[in-house]
Amino acid sequence: MKLRKQVTVCGGAIFCVAVFSLYLMLDRVQHDPARRQSGGNFPRSQISVLQNRIEQLEQLLEENHQIISHIKDSVMELTDTGAVSPSGHLPFRSANGSWVLPFDGRPTFLAVKPQDCQFAVGNRDQPDVQMLDVYSLLKFDNPDGGVWKQGFDITYEPNEWDNEPLQVFVVPHSHNDPGWVKTFDKYFTDQTQHILNNMVVKLAEDPRRKFIWSEISFFSKWWETADVHKQEAMRKLILGGQLEIVTGGWVMTDEANAHYFAMIDQLIEGHQWLESNLGITPCSGWAVDPFGHSATMPYLLKRANLTSMLIQRIHYSIKKHFASTRNLEFMWRQAWDMGSNTDIFCHMMPFYSYDVPHTCGPDPKICCQFDFKRLPGGRINCPWKVPPKTIVEANVAERAQLLLDQYRKKSKLYRSKVLLVPLGDDFRYDKALEWDQQYINYQKLFDYMNSHPEMHVQAQFGTLTDYFNAVYKTNGVAQGSRPAGYPVLSGDFFAYADREDHYWTGYFTSRPFYKSMDRVIESHLRGAEILYSLAVANARHAGMAGRYPVSDYSLLVDARRSVGLFQHHDAITGTAKENVVIDYGTKLLRSLIGLKRVIINAAHFLVMKNKEFYRFYQTEPFLETDQGIICIILHLSSPPPSLSPTPTPSCAHNCFFLFFFLFFPLPIRYLVMFNPVERERLCAVTVLVNTVRVRVLTEDGQTLPVQLSAQWSSASQMSAEATFMVRLPPLALAVFHLYDSPDSPMTLRSDTLLRLSGRGVAARAVDPLPVRSQQADSQTFYISSQSLTIKRKDDPQEVKVQMQFMVYGTRPSKDKSGAYLFLPDGKAKPYHQKEPPVVRVVEGPLFSEVVAHYQHFQQTIRIYNVPGVDGLSIDITTMVDIRDQTNKELAMRLVTDIQSGEVFYTDLNGFQMQPRQHYLKLPLQANFYPMPSQAYIQDGNYRLTLHTAQALGVSSLESGQLEVIMDRRLMQDDNRGLGQGLKDNKKTANRFRLLLERRSASNKMTDSATTSFPSVLSHMTNAMLNHEVLALPILPKRRGIPPLQTFAPLKSILPCDLHLVNLRSIQSQQDPLSPSPYTALILHRLALDCNFEAQNLGFNCTTTQGQLSVSALFKNLDLQLLQPMSLTLMHSGTPLANNTTITLDPMEISAFKLKLR
């Protein structure tokens, strides 16, 4: 009976709404002067106006009909489910003061197969060399080693090579930084083009001459400007084996701060360029200048089918240890590998640098005499005061013997009688003279050595692969195979020190604004790639390929190359000159604008209900994107503090921030939201609005709870913002309706309390968003969230987390911190300001937050009342501005009672976790490591993970602590060639998620000493933080908005341990700026630690032991090709049947070529 009454009342209400709406519309028609004419006669000129008005009225009636239909459905739904809140179906506050939402209570499940948990706890064979053990073993002292200052005296017996002569491969090279003290374009104009122009001429003069080249960003620019004869000559040198392209990436990537998405992408971009222009495939990696080496890089090179690699910048104590044990060449294996599938042969250079004085042997004074660019009369000389001599018949015997002695000593550090001797330095061989000086003099030495059998040496110019092939041949193994007796190594090579206690750990944080910007653009690039590929495939499927703007592909190519360029080891590292940094930023910004265009054009096509109505107008976009770009432009031009803009989308809270006002000149605005994550997501979305009369409906008419709160332009000035909850399908474009309507009972206002410091500051609020204010006091306050209190609500045991801000100075001595080095003046001191901060506390049904305004940073801690991933962690944003500081570094320290001891964990490139140990035997700065995406501490009960949206330096200096360096302002150069300090700081938002997880009662601490893996919740938290929802408001149209519908591309749920790294349209072989019909599907299977209490993720999570049916993945698309590929698409496997189920192992990254239509 009660139910029937409710239905009757609701039905009556619907009827009243309908009648009243019609009355309002008729009233609007009557009062419109354009519609009211005297005597009922309409002048002919008004007929078209009348027709337009009638059409508008019909549209309003149709919208009204839809709204009433949706309300009716909602009422019936509520009647069926029987809402339990006091008011029937509204958000309400429970007795304990917490908010209860009527939102999406459908059950979700977590179904991870036990087999998918075994990888994390499985047994692995111990490698011969584990870097964690090496760190424990070494003293890290620095005794004087004689001529090899950081090493030891090397001796040999003269007859050691009698039976097997020494094979020497001298490998000429020129290290070209795509930006450092000059911009990329300036370097090309001044030096690089001349190096490549001379190369074509000089290598052709003698077929015995060899050279290697690495950076495709420069090579492609030269190729575009070279005439067809130069191109053909260069192609001939490469195909003839005189010039080898090594690694073949767009740049020689940084390995500390770069995310694996971007590392792969720049490698693909370089390899795809090589394939389409030269038809070649690199087989050896060359990384002489990145400041420390990550274990991720050998894995990516191995997956790209490279067989060997070389590394150089490694801590001098580790080099010495490896040299003394003859372990400088090894098979580099991933610590998580159950077998040997990830092994790749690696050569470590033994000495201080890759320049000529430090590559021929242990004595730089002698080696410098064989750098013939330094001959007397040149612009550079030898610091050891003994110059080179031109090789003539009178001195060739003595010179050859002196050089051979160095070669022999160096070869004693390796296991084979094959020696690699690089011959080059930064931007070498830019003058024709140097080509002659080096090649002619060395050829004389080689000719002499090779013609004297008693010297037992065969010396020649060679490429890197020539050297590696000789090593394999000498050992009787196939290319890339493990020679007998060579060790297997696992681990990485951070942190790097080149001398004394000069640790290169500052660059993990240097210029954090650009590190943050890079990740925002990477997320846009991935989103644009996915949407573009889906739009083109759907256009082909609909027979509309000719009407879709495939010209957007050139914008994707531009963005790939700009992001690739920024992965260079002087770009994302923050170690370039100020004008070069601005040049990188400008290129990235241009790419971001282009990517937004790709996204809105793809979204326009995909959300059209009837594709026949689709029309593309270059000058009239259908949608617009958030205007966070404006903020980046302002930041790039370094606004003074008084003009600092509001946070960009990258600064705001997890889902996204729509960075402009949604004006309501019309009664309805349409909003399309793109979820770039391959999971369904529940999250709170925030938009700035010009009215507090906001109502939000889903596409099917469900009214969403809205929290109205203040958007603060300063500590005490505000305007309005609306936050509402959405459920977005994976990779979907979802349509929402925003109405300017009288207050809905589903729209609630936040409660804001402002704690002022008593300095005469008054709050200025926008009515009707009242603000209470009170004088600040020194009382501590606590925050609790859905599952994390800083005490978990379901756990009687508290986990106390204290957040401290600390400041490091730099040394008073001559050696000071700079862009590269972190040389603190001792332990950090607490941050202190005279006045207490202004604190703002906001409480509401969807989120609550505390914001503390300090002089040099603004700390926002927000918790979401959302079921699922967003509600299970704390959102932290720290807006840092230290532009008035001198030689200071600001750190955020988390202090907990977790018993983590000396061990903590940091990620490598967002790909894998690496255990770390804090060592008292090392200086403070040596205990910092890169944190591109997360770091955690743990004990037998809890794990506390700090997820980050930008790469920063991190450490754990005491048990239970995590410490992150947020920004650094340093007034001097640190003598590593840059010639500048870090004085171009910007107001920068550092964004984090703090996640506390409790171990299951039956599973206490199963991590091995060498591997560790995030939980499924931790993986999802990181994905949501790094891939925000993008908001695309539909621009009002004179002709009205055609019917729209949500675009949800996936036909089946992707297993929740599979991550879609990219869906990348492959370039056409005929025109590199146009797409081919093929798409690269790149997948990464995540490894899971299942030993944490299961949480409600807000979506259904299942695993399938790595199995996936690609043909059943995409809705409305036919799969016409499924072909396994190497990671960079250069090597193809046998095409599979289209209905084949593919399988990935845990941690595996695999690529497939698809043809979708």
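Guide: Buried means under 20% relative accessible area, exposed means over 50%, and partly exposed lies in between, with a 1.4 Å probe and protein chains only. This is a predicted model, in which local features need pLDDT of at least 70, side-chain atom pairs count only at pLDDT 80 or more, and totals for chains, interfaces and linings use all residues. Residues are numbered from 1 along each chain as its sequence is written, and side-chain values use heavy atoms, with hydrogens and water left out.

Visitor: Why is Cys-117 called buried?

Guide: The relative accessibility of Cys-117 is 15%, and therefore Cys-117 counts as buried, the limit being under 20%.

Visitor: What makes Cys-1090 partly exposed?

Guide: Cys-1090 has 27% relative accessibility, so it counts as partly exposed, a value that falls between the limits of 20% and 50%.

Visitor: How do you know that a disulfide joins Cys-117 to Cys-1090?

Guide: A disulfide is a pair of cysteine sulfur atoms within 2.5 Å, and the S to S distance of Cys-117 and Cys-1090 is 2.1 Å, so the pair qualifies. The link of Cys-117 and Cys-1090 is left-handed, with -85 degrees about the S-S bond. Cys-117 lies in the loop between strand E3 (110-111) and helix H3 (118-121), whereas Cys-1090 lies in the loop between strand E42 (1075-1085) and strand E43 (1101-1102), so the pair ties together parts that are 973 residues apart in sequence. Helices (H or I, at least four residues) and strands (E, at least two) are DSSP runs, numbered from the N terminus.

Visitor: Why is the disulfide of Cys-368 and Cys-382 called left-handed?

Guide: The torsion about the S-S bond is about -100 degrees, and for this reason the disulfide of Cys-368 and Cys-382 is left-handed. The sulfur atoms of Cys-368 and Cys-382 are 2.1 Å apart. Cys-368 is buried, with a relative accessible area of 0%, and Cys-382 counts as buried at 6% relative accessibility.

Visitor: What makes Cys-1056 and Cys-1101 a disulfide?

Guide: Their S to S distance is 1.9 Å, which meets the criterion of within 2.5 Å. With 60 degrees about the S-S bond, the link of Cys-1056 and Cys-1101 is right-handed. Cys-1056 sits in the loop between strand E40 (1030-1033) and strand E41 (1058-1067), and Cys-1101 in strand E43, 45 residues apart. Both Cys-1056 and Cys-1101 are buried.

Visitor: How many disulfides does the structure hold?

Guide: The structure holds four disulfides.
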